[in-house]
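Please go through the model shown below with its sequence at hand.

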Amino acid sequence: MIACSAVFAQSNEFFKLTPNGFTAIDDKPYCVVQVDGTASEIYNKVLRSIGRLYNSPQTVASKVENQQISINAIRPHVTEYKFNGKTYIDAHYTLTIEFKDGRVRIFAPNIQKLADCRTDNEILFICAKLNPMTQIKDQSIYNYKDQSLRSPELKSNIENSFNELIGTLLFSQF
């Protein structure tokens, strides 16, 4: 069963950001994408991509040979944010990919923290009542009370950054 159609995969639209975090375009917690090759070939291709994308690939990736890779890393500069001046936001996240012949299952990225790139302090939230540090409620992408979207630009930037990452991991020609 394909959870994300080939159209999404080709356009690099795998996941969308909701008040509860990322979900697949079709609202499932994962996306299945068809990829040419055996499980082993796809696994090794993704490992090569990780090796080129991360400074210390062995510290960000845990793996089950030819079956699964989990990445626990920081995605730098997923968006700009105005907080005490302009700052870039880094996303601390986990991403898990499972491999089968001809396809992969990608679980929705799990963002643990959206932090100021200079200080690593969490200053932006997907959906929160208040920032526990500053007690400011305007630092959420979604409104906590009615879960309405407060910042389409921030949402779009974060979605694009993660969808681009996944596309690079799966389809790069490294």
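Ser172 is buried, with a relative accessible area of 12%, where buried means under 20% relative accessible area, exposed means over 50% and partly exposed lies in between, computed with a 1.4 Å probe and protein chains only. The model is a predicted one, in which local features need pLDDT of at least 70 and side-chain atom pairs count only at pLDDT 80 or more, while totals for chains, interfaces and linings use all residues. Residues are numbered from 1 along each chain as its sequence is written, and side-chain values use heavy atoms, with hydrogens and water left out.

The segment that follows helix H4 (152–171) holds Ser172; helices (H or I, at least four residues) and strands (E, at least two) are DSSP runs numbered from the N terminus. The side chain of Ser172 makes a polar contact of 2.8 Å with the side chain of Ser49, and a polar atom of the Ser172 side chain lies 2.9 Å from the backbone oxygen of Thr168. A polar contact is here a pair of N or O atoms within 3.5 Å; within protein, one must be able to donate a hydrogen and the other to accept it, and residues adjacent in sequence count only if both atoms are side-chain atoms. When neighbours within four places in sequence are left aside, Ser172 is in contact (heavy atoms within 4.5 Å) with Lys45, Ser49 and Gly167.

Not counting residues up to four places away in sequence, Thr96 touches Gln68, Ile69, Ser70, Arg105, Ile106 and Phe107.

| Residue | Relative accessible area | Class |
|---|---|---|
| Ser172 | 12% | buried |
| Gln147 | 38% | partly exposed |
| His77 | 44% | partly exposed |

Gln147 belongs to the loop between E10 and H4 and has a positive phi of about 55° although it is not a glycine. Apart from neighbours within four places in sequence, its contacts are Pro19, Asn20, Cys127 and Tyr142. Gln147 and Ile126 are 21 residues apart in sequence, and their C-alpha atoms are 9.9 Å apart in space. His77, in strand E5 (residues 68–82), likewise is not a glycine and has a positive phi, of about 50°.

Aromatic rings are the next topic. Rings of Phe, Tyr and Trp (its six-membered ring) pair if their centres lie within 6.5 Å, and planes under 30 degrees apart count as stacked, over 60 as edge-to-face and the rest as tilted. By this rule the count is 4 aromatic pairs. The rings of Tyr43 and Phe99 have centres 5.4 Å apart and planes at 85°, so this pair is edge-to-face. Because Tyr43 lies in helix H2 (residues 39–53) and Phe99 in strand E6 (residues 86–100), the pair ties together parts that are 56 residues apart in sequence. Both Tyr43 and Phe99 are buried. Elsewhere, ring pairs link Phe22, Tyr93 and Phe162 into a cluster. Arg105 lies over the face of Tyr30, at 4.5 Å from the ring centre; a charge sits over a ring if NZ of Lys or CZ of Arg is within 6 Å of the ring centre and within 35 degrees of the ring normal.

Two strand pairings follow, where two strands pair if DSSP finds at least two bridges between them. Strand E8 (residues 110–116) and strand E9 (residues 122–127) pair in the antiparallel sense over 2 bridges, with Leu114 opposite Leu124 in E9. The hairpin of E8 and E9 has 5 residues between the strands, and in it Asp120 takes a positive phi near 65°. E9 is also joined by 2 bridges to strand E10 (residues 140–142), and these two run parallel, with Cys127 standing opposite Tyr142 in E10.

For the chain as a whole, the secondary structure comes to 4 helices and 10 strands, running from the N terminus as α-β-β-β-α-α-β-β-β-β-β-β-β-α. Buried residues make up 44% of its 174 residues. Of the contacts in the protein chain with a separation of 6 or more, 53% are between residues 24 or more positions apart.
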